[in-house]
Amino acid sequence: MSTQAAKHTTADEFLAWAEAQPKGRYELIAGEIVAMAPEKADHARTKASVWSALKSAIKRAGAPCEAFIDGLAVRIDGSTVYEPDALVNCGPRVPGGSTTATNPIIVVEVLSPLTDAMDHGDKLIDYFSVASIQHYLLVHPVKKVVIHHRRGDGAAIVTTMHSDGEIALNPPGLTVPAVDFLDIG
């Protein structure tokens, strides 16, 4: 797609286009297709730690959920689609041919210098515009901290930071040691 056409791309058009791409990862931000930068090894390691921690927590809790490491998109609205570094989808299993999460409850972004402002700003607002999303976790691999944004009462978003201890993710009833997200080892 040309840059001109990308500025007016809908979520449905984007998802069909992205699925046909031979390489690369993309997001749709306000109708504009944006290529995601290649990842560094530390970023990939942290993503793997996050996914593993979430998968283990789901198993321990016996929750009807599934953890995904990037790849599945979260549709924000008709012109914005993000691909978080990890997510937890609950309820019915996501169909095998789907490229989008059907009921994302937890979304996770691993912070990097290029995405820090977007992850703390627009994505925070956008993810919580999706009714099913209850938790938005930002994992800072350098400072070894997890910033946990969760829905509170009414329209409130409650934010806590964790470098140790356990992070409660209710719903869906998961508990994860903060260090399990941080690729410490």
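Colleague: How many helices and strands does the protein have?

Modeller: This is a predicted model. The protein has six helices and twelve strands.

Colleague: What makes the radius of gyration agree with a compact globule?

Modeller: A compact globule of 185 residues would come out near 16 Å, and the protein has 16 Å, so the two agree. Along the principal axes, the C-alpha atoms fill a box of roughly 50 × 35 × 30 Å.

Colleague: Why is Ala 30 called exposed?

Modeller: The cut-off for exposed is over 50% relative accessible area. Ala 30 has 56% relative accessibility, so it counts as exposed. Ala 30 sits in the loop between strand 1 and strand 2. Its phi is near 50 degrees, a positive value in a residue other than glycine.

Colleague: What share of the residues is buried?

Modeller: Buried residues make up 43% of the 185. The accessible surface comes to about 9,300 Å², and 55% of it belongs to carbon and sulfur atoms.

Colleague: Where are the cis peptide bonds at Pro 171?

Modeller: One joins Asn 170 and Pro 171, with omega about -15 degrees. Another joins Pro 171 and Pro 172, with omega about 15 degrees. Pro 171 lies in the loop between strand 11 (166–169) and strand 12 (174–177). Pro 172 is found in that loop too.

Colleague: What lines the largest pocket?

Modeller: Its lining has 30 residues; His 43, Ser 112, Pro 113, Leu 114 and Thr 115 lie nearest the centre. The space amounts to about 770 Å³. Elements that each supply at least two lining residues include helix 3 (41–61) and strand 7 (104–110). By class, the lining has 13 nonpolar, five polar and twelve charged residues.

Colleague: Which element gives the most to the lining of the second largest pocket?

Modeller: Helix 2 (residues 11–19), with four residues. The second largest pocket has 13 lining residues, and Ala 18, Glu 19, Tyr 26, Gly 71 and Glu 83 lie nearest its centre. About 220 Å³ of space lies there.

Colleague: How does that lining divide by class?

Modeller: Into five nonpolar, four polar and four charged residues. Gly counts as polar.

Notes: Residues are numbered from 1 along each chain as its sequence is written. This is a predicted model: local features need pLDDT of at least 70, side-chain atom pairs count only at pLDDT 80 or more; totals for chains, interfaces and linings use all residues. Side-chain values use heavy atoms; hydrogens and water are left out. On a 1 Å grid over the protein atoms alone, a cavity is a set of points where a 1.4 Å probe fits but cannot get out, and a pocket is an open set with protein on both sides within 12 Å along at least five of seven lines; lining residues have an atom within 4 Å of a point. Grid points are joined across faces, edges and corners, and a volume is the space filled by probe spheres set on the points. The radius of gyration is taken over C-alpha atoms; the globule rule is 2.2 Å times the number of residues to the power 0.38. Buried means under 20% relative accessible area, exposed over 50%, partly exposed in between (1.4 Å probe, protein chains only). Accessible areas come from the Shrake-Rupley method with a 1.4 Å probe; for residues, only the protein chains shown count as cover.
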